[in-house]
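Reader: Before any discussion begins, please display the sequence and the structure.

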Amino acid sequence: MTKPRKKNRLCSLLGIEHPIVQGGMIYNSGAKLAAAVSNAGGLGLIGAGSMRPELFGEQIRKARGLTENPIGVNLPLLYANSRECLEVALAEGVKIFFTSAGSPKRAIGPLKKAGCVVVHVAASRELAIKCEDAGCDAVVVEGFEAGGHNGRDEITTMVLVPECVQAVSIPVIAAGGIATGEQMVAAMALGAEAVQIGSRFAVTVEGSGHAKFKDAVVAAGAGDTQLVMKAHVPVRLLKNEFRDQVMALENQGADREELADLLGSGRARAGMLEGDLDQGELEIGQVAGLIDDIPEVAELMTRLLDQYHSTLTRLCRE
Ligand SMILES: Cc1cc2nc3c(=O)[nH]c(=O)nc-3n(C[C@H](O)[C@H](O)[C@H](O)COP(=O)(O)O)c2cc1C
């Protein structure tokens, strides 16, 4: 695997070799995926979003058995059991927390007290500034292309990254629409110090999603996803019958409760973990159009880094 020339401050902060973070992804980011990414020199995150606290603790211990490199956790703050998951991760000695979906202020106190690195996910310049003010060590800025939950303002990664780099002095990690080394170079050229990749890592051998979900992403084009539920919790989904139901409800002017009822019936689990491609919720980013295979993580990381370094070399020559 090609070695980076020198560590930037984000790699130093996280104790990793390559500036690549695997984003937390409900039903897709368990111990195997996180450990494989960390073993390849990136940072793997175990996603708490779809786990009960006991399972979350088990997955942290399992990942520890699979890698000696640093791993972190992703903790969405909107779930009822977020605080319990936070306590489980602290008790397990986790030192790197990527929080999301809520105010960074909700969790940062106990995490900083325990000496953890805290990174929050923001989809706007305003929230990135709040992350810095709250004391976060870095911020993930996630553009509108990204899979999963998203901001309402539809700001693309290409615009959001430079906006946030100008606005904060903590390191910025770019997310949304990155699946190749060429896209990594673009993000770094905009001032990011690392990238967070979700969709591309979901579609790997080690991703814990259902094989049918991975195959559906391989078959999908960039225009096959859509950001829906902007009035409730905006989320980018693969177009299917479930997406049609969501759209129909939205068009009828459904309120948050009605949309929450539709979502709250295990649709994400059905779609991504159990492979129900019609009635399930299939979260994926626009980069679905660039995802054509299901590699092992080690192979994917080698590919990303080779593309990254050969693109830098080409640009320096031109
Ligand atoms: C299937 C899926 C589930 C996701 N779940 C979460 C989550 O639980 N918490 C979170 O902070 N972000 C979540 N995300 C967002 C990712 O962590 C990451 O920021 C995003 O995927 C980056 O954009 P990309 O998909 O274009 O790579 C999810 C993304 C996907 C594709």
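**Questions on fold, packing and ligand shell**

Reader: Which handedness does the crossing of α2 and α3 have?

Author: The model under discussion is predicted. In it, the axes of α2 (residues 31–39) and α3 (residues 53–66) come within 9 Å and cross at roughly 35°. Contacts join A31, A34 and A35 in α2 to Q59, K62, A63 and L66 in α3, a set of five nonpolar, one polar and one charged residue. The handedness of the α2 and α3 crossing is right-handed.

Reader: How many nonpolar, polar and charged residues make up the contact of α6 with α7?

Author: Helix α6 (residues 125–134) packs on helix α7 (residues 157–167) at an angle of about 35°, the axes being 9 Å apart, and the crossing is right-handed. On the α6 side the contact involves R125, A128 and I129, which meet E163, C164 and A167 in α7. By class, the contact of α6 with α7 comprises four nonpolar, no polar and two charged residues.

Reader: Which elements give two or more residues to the side of domain 1 that touches domain 2?

Author: The chain is divided into domain 1 (9–208 + 290–317) and domain 2 (221–287), with 23 Å between their centres, taken over C-alpha atoms. Their contact takes 21 residues from domain 1 and 15 residues from domain 2. By class, the domain 1 side has seven nonpolar, 11 polar and three charged residues. The elements that give two or more residues to this side are β7 (148–149) and α9.

Reader: Which residues come nearest to the ligand?

Author: The shell around the ligand draws at least three residues from each of domain 1 and domain 2. By class, this shell has 12 nonpolar, 15 polar and four charged residues. Of the 31 residues around the ligand, those that come nearest are G23, G147, G148, G198 and G285.

Reader: Which element gives the most to the shell around the ligand?

Author: The elements to consider are those that give two or more residues to the shell, namely β3 (71–76), β9 (194–197) and α9 (199–202). Helix α9 also gives two or more residues to the side of domain 1 that touches domain 2. With three residues, the element that gives the most to the shell around the ligand is α9.

Methods. Residues are numbered from 1 along each chain as its sequence is written. This is a predicted model: local features need pLDDT of at least 70, side-chain atom pairs count only at pLDDT 80 or more; totals for chains, interfaces and linings use all residues. A residue is near a molecule or strand if its C-beta atom, placed from the backbone, lies within 6 Å of it. Helices (H or I, at least four residues) and strands (E, at least two) are DSSP runs, numbered from the N terminus. Ala, Val, Leu, Ile, Met, Phe, Trp, Tyr, Cys and Pro count as nonpolar, Asp, Glu, Lys and Arg as charged, and the others, Gly among them, as polar. Domain bounds come from an automatic or database domain assignment. Axes are lines fitted to C-alpha atoms, for helices over the stretch in contact, and angles run from 0 to 180 degrees between N-to-C directions. A crossing is left-handed if the near helix is turned anticlockwise from the far one by less than a right angle, and right-handed if clockwise. Two residues are in contact if their C-beta atoms, placed from the backbone, lie within 7 Å.
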